[in-house]
Amino acid sequence: MTTMASTKSISIYYADDLCRAEKRNVGIFKLGFSRLGVPGIVREKLVVQANLGGSSKSVDMINGKKVNGVVPSSGARGGEVMKQGGVHEPVHAWLMGTFVEDRFVYRQTFVIRSYEIGPDKTATMETLMNLLQETALNHVTSSGLAGNGFGATREMSLRKLIWVVTRIHVQVDKYSSWGDVVEIDTWVDAAGKNGMRRDWIIRDRNSQRIITRATSTWVIMNRETRRLSKIPDEVRKEVQPFYLDRVAIPTADLDCEKINKLNDETADRIRSGLASVPIDVLEDYNLTSMTLEYRRECRQSNVLESLTTMAPKMSEDSNKWTDKTRQELESTHLLRMQADKAEIVRARSVWQSKHKHMI
């Protein structure tokens with residue numbers, strides 16, 4: 001007996017880049033079905049072809065405000081297109097993210113892969129930082145604001161401006177294991193007159209428990225002069241509709257204390273390269289909190305050295321040691337140029353013992 005398999009799919013094809021479509025004078029949608037006949041298999045496709053345009057700029061409402069340009073509907077689909085095998089497809093369908101809470105929050109899901117874990121089969125801090133960056137960039141791209149820079153908006157690209165992070169603080173309650181699925185939410189808000197704050201929370205998708213919180217501050221730099229710049233009004237108008245007055249880490253829990261500068265006399269360890277934490281700490285402790293302050297740029301060709309001090313973390317409300325205190329270490333770090341000793345990053349980290357009782 002011959003069996004018949006039937007597969008139905010819906011595909012949307014854009015005739016050209018929707019970001020440039022406004023320059024044309026035609027607005028046409030073509031809708032129809034196509035059937036591909038293969039022995040034993042019948043496939044039907046709903047095909048939508050679009051050719052959008054008009055003499056005036058399109059205007060969309062985002063978070064109750066008018067925003068020029070094409071902005072995608074809910075889901076991680078941008079207006080731009082790519083061509084694969086001669087077929088136009090939505091560029092950002094592969095991002096697998098979505099907008100929630102009236103488009104103020106962007107949410108993306110990830111699986112922790114085998115190459116993203118450490119010896120204990122849990123995700124590393126490097127993995128978490130990579131996922132935070134990926135979600136942030138996909139947020140900008142999916143919002144329809146992306147220009148030709150790394151997370152820069154269209155108006156920023158026109159002015160040769162880029163975002164640079166000045167400070168980031170991460171708090172980890174639990175590291176995910178290999179194969180776990182995590183859900184990351186991110187959103188943005190103003191930070192003073194000329195900065196932007198980006199926050200993240202990471203949940204275990206199965207339990208919905210928040211396992212990581214992070215916040216960061218960004219400013220604008222001219223990519224050619226490498227000088228900081230005020231936020232132009234045109235850029236501010238682009239990003240303001242996405243601002244959400246919410247914090248991932250309560251102010252009382254933020255690490256706002258000054259990070260002391262280390263030198264040759266005050267550092268416990270000075271190493272050429274990026275390795276700054278003793279191997280026994282990496283093996284026996286989890287990194288539970290990290291604050292980075294960026295001072296200047298460095299390039300791939302630069303030779304760096306790291307300075308570190310590490311000591312048991314004192315109790316916050318007394319000068320006495322406690323059982324919990326003895327299980328925590330606090331470290332101060334400095335990354336600098338080896339040649340002229342110029343500062344690149346100051347950092348502070350807190351490490352918690354993986355064991356209930358220290359031996």
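Which backbone oxygen does the side chain of Arg-296 reach, and at what distance? The side chain of Arg-296 reaches the backbone oxygen of Glu-343, at 2.9 Å. The model that shows this is a predicted one, in which local features need pLDDT of at least 70 and side-chain atom pairs count only at pLDDT 80 or more, while totals for chains, interfaces and linings use all residues. Residues are numbered from 1 along each chain as its sequence is written, and side-chain values use heavy atoms, with hydrogens and water left out.

The chain as a whole contains six helices and 19 strands, where helices (H or I, at least four residues) and strands (E, at least two) are DSSP runs numbered from the N terminus. Of its 359 residues, 43% are buried, a word that stands for under 20% relative accessible area, with exposed meaning over 50% and partly exposed what lies in between (1.4 Å probe, protein chains only). The accessible surface of the chain comes to about 21,100 Å², and carbon and sulfur atoms account for 51% of that area; such areas come from the Shrake-Rupley method with a 1.4 Å probe, and for residues only the protein chains shown count as cover. Among contacts (heavy atoms within 4.5 Å) between residues at least 6 apart in sequence, 67% join residues at least 24 apart.

Confidence is expressed as pLDDT, the predictor's value for each residue on a scale from 0 to 100. Its mean over the chain is 79, and 69% of the residues reach 70 or more. Among the elements, strand β12 (residues 195-204) has the highest mean pLDDT, 98, whereas helix α1 (residues 18-21) has the lowest, 37. Over residues 1-59 the pLDDT is below 50, although this stretch has 106 contacts in the model beyond near neighbours in sequence. Residues 68-89 likewise have a pLDDT below 50, and there the contacts beyond near neighbours in sequence number 64. Where pLDDT is low, the predicted coordinates should not be read in detail.

Glu-101 has a positive phi of about 55° although it is not a glycine, and at 39% relative accessibility it counts as partly exposed. Lys-121, found in the loop between β9 and α2, also has a positive phi, near 65°, in a residue other than glycine. As background to these two values, most residues other than glycine have a negative phi.

The loop between β9 (105-111) and α2 (125-142) also holds Thr-122, which counts as buried because its relative accessibility is 16%. The side chain of Thr-122 makes a polar contact with the side chain of Asp-120 at 2.8 Å; a polar contact is a pair of N or O atoms within 3.5 Å, of which, within protein, one must be able to donate a hydrogen and the other to accept it, and residues adjacent in sequence count only if both atoms are side-chain atoms. Leaving aside neighbours within four places in sequence, Thr-122 is in contact with Glu-116, Ile-117, Tyr-175, Ser-176 and Ser-177.

Helix α2 itself has 18 residues and reaches 26 Å from its first C-alpha to its last, close to the 26 Å expected at 1.5 Å a residue, the expected span being 1.5 Å times one less than the number of residues. Its buried residues include Met-125, Leu-128, Leu-131, Leu-132, Thr-135 and His-139. After α2 comes Gly-144, whose phi is positive, near 90°.

Thr-309 lies in strand β17 (residues 304-312) and counts as buried because its relative accessibility is 15%. Thr-309 touches Leu-262, Thr-266, Ala-267, Asp-268, Glu-330, Ser-331 and Thr-332, when residues up to four places away in sequence are not counted. Between Thr-309 and Val-277 there are 9.1 Å in space, C-alpha to C-alpha, and the two are 32 residues apart in sequence.

Arg-296, with which this account began, belongs to the loop between β16 (285-294) and β17, and at 48% relative accessibility it counts as partly exposed. Besides Glu-343, Arg-296 touches Ala-342 and Ile-344, again without counting residues up to four places away in sequence. Arg-296 and Thr-166 are 130 residues apart in sequence and 9.1 Å apart in space, C-alpha to C-alpha.

Finally, the structure holds zero disulfides, a disulfide being a pair of cysteine sulfur atoms within 2.5 Å. Cys-256 is exposed, with a relative accessible area of 59%, whereas Cys-298 is partly exposed, at 35%.
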